[in-house]
Amino acid sequence: MPLRTYRLWGGRGAALPPSCPLPPEYRRYFDTFAHLYAMALVAYAGLMLPLFVWLGRPGPILIVLCSILMTLGARGLHHRGYMAWGAALLWGMMLLLIGEAIRLYGAGVGFEFYVGLALLVLHISAIPRSYKIVLSLLLLGVTGALLMSMHRGEGQVALPSATSTWLLWVNLVLTGTLFAGVLMGLEGVTERLERAYRREALHDMLTGALNRRAIVAIAERWQRAKRPFAVVLLDVDHFKRFNDLHGHAAGDAALCHLVNCLRQGLRDGDMLGRYGGEEFMLLLPGTSRVAAMAVAERIATIVRDQPLVLPDKSLGMTVSQGLATQEEAATLSAMTALADRRLYAAKGAGRDRVMVWETFDRLFPIPTRCVVEGAEACPFEPPRRHDDSAVKA
């Protein structure tokens, strides 16, 4: 059964498989009303039902019992994705109960307070805005006409003065509690979604590492604070051919596996971000060149010793790394450019190594063919299994 998420009547919203998460624009509605249905059941069964049983009129008692059943049905519709229908059913039962209570007991005993609560429920629902305006005007019009039709605001059931005063305070406290519960639930849902959105905005969707904007922002903050750190740019060797031979799904799994390996090799306080494609940036705070190279070598060893295990094969991986420290460059862009040059020098020198030299011509020995024709001219070694046999396409 597809999830229908928007239209109250007529037409359909976007159809999604039940296992798929809702779009971001519907998550707040969904989470808020999931909280609201539980509150409505507690209010009906624990508060309104005893109140109307004490008042002794069968009409409101039957409406409360029907409201409990309808709220359970609305909750079921909500969790199936029919959010607007669930909200409309909940709101309709609230309106019926409010109207019957005002008709029986009149104004001045507090049942009119629930009109504000009904308006709040209506305006935080997933019902389209035009419907909200029409239904709000209808609610206010019906309630106003009902109150004006009464003689001096008195209902059909005459209540003693003490009972009216007591009932007024009960309704005041109950509506205030429900208002506070709805608003606190809405605030909690909004805060939780904001945290999730902030995390999604700062992290790479595939690997869970920081994205480029976030990792660069951290480096810029450290640079402004004059905090010493080292930058390592890391790239997976032959990743394009890896994708071509084994498919993009295997390539995605390889990147996730690589991030797990990198986290094993990093220290507390080190930062990891996906810089672009198969290239990652490591920020190593308070680290000299020697210490940073030790971290990079440890990472290279972990990646080399832990192949990616797939259902039908295991694939070995290696990485090339370029390292630069803050004392070698005046700005972050110069520092990153230096690390990038050293990364390409590592690739040109045969890959699977850490480069800390400043220029390519200081490498010894230098593969002549790579110098003349570029890194792509280096011979390609296919990934290998545990038994050291090459994996063929």
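Predicted model: local features only at pLDDT ≥ 70, side-chain atom pairs only at ≥ 80, totals over all residues.

Analyst: Helices (H or I, at least four residues) and strands (E, at least two) are DSSP runs, numbered from the N terminus. Residues are numbered from 1 along each chain as its sequence is written.

The predictor's confidence in each residue is its pLDDT, on a scale from 0 to 100. Its mean over the chain is 78, with 82% of residues at 70 or more. Strand S3 (residues 279-285) has the highest confidence, at a mean of 93, and helix H12 (residues 368-373) the lowest, at 32. Two stretches have pLDDT below 50. Residues 1-20 are one such stretch, with 42 contacts in the model beyond near neighbours in sequence (a contact being heavy atoms within 4.5 Å). Residues 359-393 are the other, with 57 contacts counted in the same way.

Of the 393 residues in the chain, 45% are buried. Buried means under 20% relative accessible area, exposed over 50%, and partly exposed in between (1.4 Å probe, protein chains only). Among contacts between residues at least 6 apart in sequence, 69% join residues at least 24 apart.

The part examined here is the packing around helix H9 (residues 248-265). For the geometry, axes are lines fitted to C-alpha atoms, for helices over the stretch in contact, and angles run from 0 to 180 degrees between N-to-C directions. Angles under 35 degrees count as roughly parallel, over 145 as roughly antiparallel, 65 to 115 as roughly perpendicular, and the rest as oblique.

One partner is helix H8 (residues 239-246), which packs on H9 at an angle of about 135°, with the axes 7 Å apart. H8 is therefore oblique to H9. On the H8 side the contact has Phe239, Phe242, Asn243 and His246, and on the H9 side His248, Ala250, Gly251, Ala254 and Leu255. These residues divide into five nonpolar, four polar and no charged. In this scheme Ala, Val, Leu, Ile, Met, Phe, Trp, Tyr, Cys and Pro count as nonpolar, Asp, Glu, Lys and Arg as charged, and the others, Gly among them, as polar.

Another partner of H9 is helix H10 (residues 289-305): their axes come within 9 Å and cross at roughly 140°. H9 and H10 are therefore oblique to each other. The crossing of H9 over H10 is right-handed. A crossing is left-handed if the near helix is turned anticlockwise from the far one by less than a right angle, and right-handed if clockwise. Leu258, Cys261, Leu262, Gln264 and Gly265 of H9 meet Val295, Arg298, Ile299, Ile302 and Val303 of H10. By class, this contact has seven nonpolar, two polar and one charged residues.

Ile302 is buried, at 15% relative accessibility. Leaving out residues up to four places away in sequence, Ile302 touches Cys261, Gln264 and Gly265. Between Ile302 and Cys261 there are 6.2 Å from C-alpha to C-alpha, at a sequence separation of 41 residues.

For comparison, take the pairing of helix H3 (residues 83-105) with helix H5 (residues 129-148), whose axes come within 10 Å and cross at roughly 15°. H3 and H5 are therefore roughly parallel to each other, and H3 passes H5 in a right-handed crossing. Trp91, Leu95, Gly99, Ile102 and Arg103 in H3 face Leu135, Leu139, Thr143, Leu146 and Leu147 in H5. Here the classes come to seven nonpolar, two polar and one charged.

Two loop residues complete the account. Lys226 sits in the loop between helix H7 (212-224) and strand S1 (229-236). Lys226 is not a glycine, yet its phi is positive, at about 55°. With a relative accessible area of 71%, Lys226 is exposed. Arg351 lies in the loop between helix H11 (332-348) and strand S7 (354-355), and its phi is also positive, near 70°. Arg351, at 8% relative accessibility, counts as buried.

Technical notes: Heavy atoms only, no water.
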